[in-house]
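Here are my comments on the model, as numbered points. Please read them with the structure open.

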Amino acid sequence: MSSTLLRTTPALRGALRASGAVKPAAGLATSFVRGKATLPDLSYDYGALEPYISSKIMELHHSKHHQTYVTGLNSALESIAKAEEAKDFAKAATFAPLLNFHGGGHLNHTLFWENLAPASREGGGEPDGALKSAISSDFGSFDSFRKQMNTSLAGIQGSGWAWLVKDKTSGTLGIVTRANQDPVSGNFEPLLGIDAWEHAYYLQYENRKAEYFDAIWNVVNWKTVAQRFGKA
Ligand SMILES: [Fe+2]
């Protein structure tokens, strides 16, 4: 490991690597610091999640907001690398908050896009198989899980996320919230994230964010959630 600073943020580093959100630059050793994050393509058009999420929101959210996290992450990584080359580790450490914010933002949104699908394709409905059984076992029922998730989303003060997670040790499912762009890490594997930042809904739902939290279930891609559940 080439980075002193990054040793202090192993959870974020691991999460970014595991998700493929940061890829090593071509021709270089697999160094996280030298990695370059790029904006991932969506597997659906910006308008494909309508009427639940508008085309305009999707376009801005992906091409502007997510891009800002990608740019910020690469900038933070570059600044850290430069400071470390100069052996100025105190300066390198000052970039930790930026690394957490932009790295978390990039990771969270990368997972989020994969969590969504058009209602006319895989989006919406309910999970089946082992995931359905686990949700029923750990939350009582799918309906109860969805209500608990919406309650958690509504309880977020300011900007943040709610996640369905799997505890890697016990295998049980749970719901956690994270402020700002703090990523899910450590013993929790993120399966399904819902973005509760205003930029995710305000253009369409204005102050009626509960309507957004209700609507988004129509475009949740349970196939992706099940795949993450199976791997965790
Ligand atoms: Fe967002």
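1. A cut-off comes first. Glu206 has 11 other C-beta atoms within 10 Å, so Glu206 is exposed. Asn180 has 14 within 10 Å, so Asn180 is only partly exposed.

2. Confidence next. This is a predicted model. The mean pLDDT of the chain is 90. A value of 70 or more is reached by 85% of the residues. Two stretches need care. Over residues 1-8, pLDDT stays under 50. The model still has 19 contacts beyond four places in sequence for residues 1-8.

3. The annotated site. An unreviewed UniProt entry places a "binding site" feature at His61, His109, Asp195 and His199. These positions are spread over 139 residues of sequence, yet they cluster in space, with a largest C-alpha distance of 12.2 Å. The annotation comes from the record and may be inferred rather than shown by experiment.

4. Where does His109 lie, and what does His109 contact? His109 is in helix α5, which covers residues 96-114. Leaving aside neighbours within four places in sequence, His109 is in contact with His66 and Tyr69. His109 has 26 C-beta neighbours inside 10 Å and therefore counts as buried.

5. Asp195 is placed in strand β5, residues 188-195. Is Asp195 buried or exposed? Asp195 counts as buried, because 24 C-beta neighbours lie inside 10 Å. Not counting residues up to four places away in sequence, Asp195 touches Phe112, Trp161 and Ala200.

6. The strands around β3. Strand β3 (residues 160-167) runs antiparallel to strand β4 (residues 173-179), and seven bridges join them. β3 is also antiparallel to β5, again with seven bridges. Val165 shows both pairings: Val165 stands opposite Gly174 in β4 and opposite Pro190 in β5. Leu164 has Ile175 as its bridge partner in β4. Why is β3 described as largely enclosed by the rest of the structure? Six of the eight residues of β3 are buried, which is the reason.

7. Helix α7 covers residues 142-154 and has 13 residues. From first C-alpha to last, α7 reaches 18 Å, close to the 18 Å expected at 1.5 Å a residue. Which residues of α7 are buried? They are Phe145, Met149, Ser152 and Leu153. These residues cover an arc of only 100° around the axis, so they are on the same side of α7. Asp143, Thr151 and Ala154 are exposed on the other side of α7. The cover over the buried residues of α7 includes α6 (129-139), β3, β4, β5 and α9.

8. Backbone geometry to check. Most residues other than glycine have a negative phi, and most peptide bonds are trans. Two non-glycine residues here have a positive phi. Asn180 has phi near 55° and is placed in the loop between β4 and β5. Glu206 has phi near 50° and is found in the loop between α8 (202-205) and α9 (209-215). Separately, the peptide bond from Glu50 to Pro51 is cis, with omega near 5°. Pro51 is in the loop between β2 (36-37) and α3 (55-85).

Note on methods: Residues numbered from 1 in each chain as written. Predicted model: local features only at pLDDT ≥ 70, side-chain atom pairs only at ≥ 80, totals over all residues. Helix = DSSP H or I, 4+ residues; strand = E, 2+ residues; numbered from the N terminus. Buried ≥ 20, exposed ≤ 12 C-beta atoms within 10 Å, placed from the backbone. Contact = placed C-beta atoms within 7 Å. Pairing = 2+ DSSP bridges. pLDDT = per-residue confidence, 0-100. Expected span 1.5 Å × (residues − 1). Arc of directions from axis to C-beta.
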